[in-house]
Amino acid sequence: MSGIKQNPGLYKIVVTHYVVAAICFLVLSVMMLFSVKAFTGHYFHPQILAITHMAALGWGTMIILGASYQLIPVVLETDLYSEKLAWISFALFLPGLIALVYSFWVFVPGIHMQCGAILLLLAVLLFTVNVYLTAKKKKQETIQEDFIFSACICLCLTVALGAALVFNFTLAIFPQDQLHFLKLHAHMGLIGWFLLMLIGVSSKLVPMFLVSSYQSTKLLTYSYYLIVGALLYFLVDSYLFGLSLRTYLIFTIGGAGIACYFIFLLKCLRSRLRKHIDLPMLNSFLSFILLKIATLTVPFIIYFHLKNNPVTIRFSMIYGEFMLMGWITALILGQTFKTMPFIVWVKRYEHLTGKFKTPMPADLFADNLLKAQTVSYLIFCLTFMPGCYLLFLPLIYVGIAALMVTAMLYLSNIFIVLFHKTVTYGKL
């Protein structure tokens, strides 16, 4: 943690993203409560589309954008290029998100949905320009930089294709049906944006948080080229031929890339100097297990798709739920309380360092709330996912209720950290 330095000017933009993302998480859980029956049907459903975009953009992407403004300068070891660009990007992103999600919810393809898509595209383009110009200030390239910039490119392509699909509702841009491009849009987002960005950032932060002595980046290099190669192969092959037996080979290549990342994490864990693993890090390791489960559902999706078995729709739903509400959500729930307390601590206490005894960053959040949040989230995972697979509504209701509790506890803890008042314990 000592390696993280904070630019005071970034504080407001970073914290604003965290708070808005936490509110979106709560709104997301309420949207899910009003859409329980939709989880037993096809994923191309207005409410499922609205929920998916709220989860991917309002929750996952919003907090990653905010954290990026704080962490990318750390990972790339240089200052952020422009705070003004970050604010303009946020000012475009939020109304774009609201317009898009509402338009999907009521399913009225038209000017509001199209404006939302355009605003989101402009927002992510500005974010990518900011990251590119930040990275350009750095002389020595690292594998983390490759992960992060590739992720930004994929985010732009994902949103651009998404915007084209929105216009396709009324202008018939594509000759094929909407579902053909939907899987390309989804995988560019999940694998290209989320997976590459989270590996790039976590490969720098996890060794830092664990105080690991493992420094080699060879496994990360293998991971990068295998995942990017598999993604490109999948996009081209699926566009031209759809899913086929070759998709198993593509899955194997991508799976090998993820395995290299897991081995990297395992080596960091084994070589850690800090033996105690705190609750935020346990949440992060839970997220890696959920990612593994999501990955293991892919062969079933391919198999049932090739057999024209409608069960493939249910496995696709489960895959998306494990990726968005499992892996990404668990990682955010844990890492928020590693990063945000430190960001607030620097603002409140950095100038007092060496003069007074002060609380540690981990003292800024309510530990009991975090424990309760972890328990309620585990209940969500153990009820909602099986409920969706078994099409058993009572389990889905229990899961969503647990997720609402998780979201409320998370938001409460965010405000506890944010409104922490400076205290000291005497002079040193």
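I began with the domain centres: taken over C-alpha atoms, those of domain 1 and domain 2 are 19 Å apart. The model is predicted, with local features needing pLDDT of at least 70 and side-chain atom pairs pLDDT 80 or more, while totals for chains, interfaces and linings use all residues. Residues are numbered from 1 along each chain as its sequence is written, and side-chain values use heavy atoms, without hydrogens and water.

I noted the bounds of domain 1 (8–140), domain 2 (163–264) and domain 3 (275–421), which come from an automatic or database assignment.

I then looked up the boundary between domain 1 and domain 2. I found 24 residues of domain 1 in contact with 18 residues of domain 2, contact being heavy atoms within 4.5 Å. The two domains bury about 1700 Å² between them, 85% of it on carbon and sulfur atoms; this is the accessible area (1.4 Å probe) lost on putting the two parts together, summed over both. I recorded 0 salt bridges between domain 1 and domain 2 (a side-chain nitrogen of Lys or Arg within 4 Å of a carboxyl oxygen of Asp or Glu).

I next listed the helices (DSSP runs of H or I, at least four residues, numbered from the N terminus). On the side of domain 1 that touches domain 2, α2 (46–76), α3 (83–106) and α4 (111–136) each supply at least two residues. Helix α2 gives the most to that side, with 11 residues.

Finally, I turned to F285 and F288, which both lie in helix α9 (residues 279–306), 3 residues apart, about one turn of the helix.
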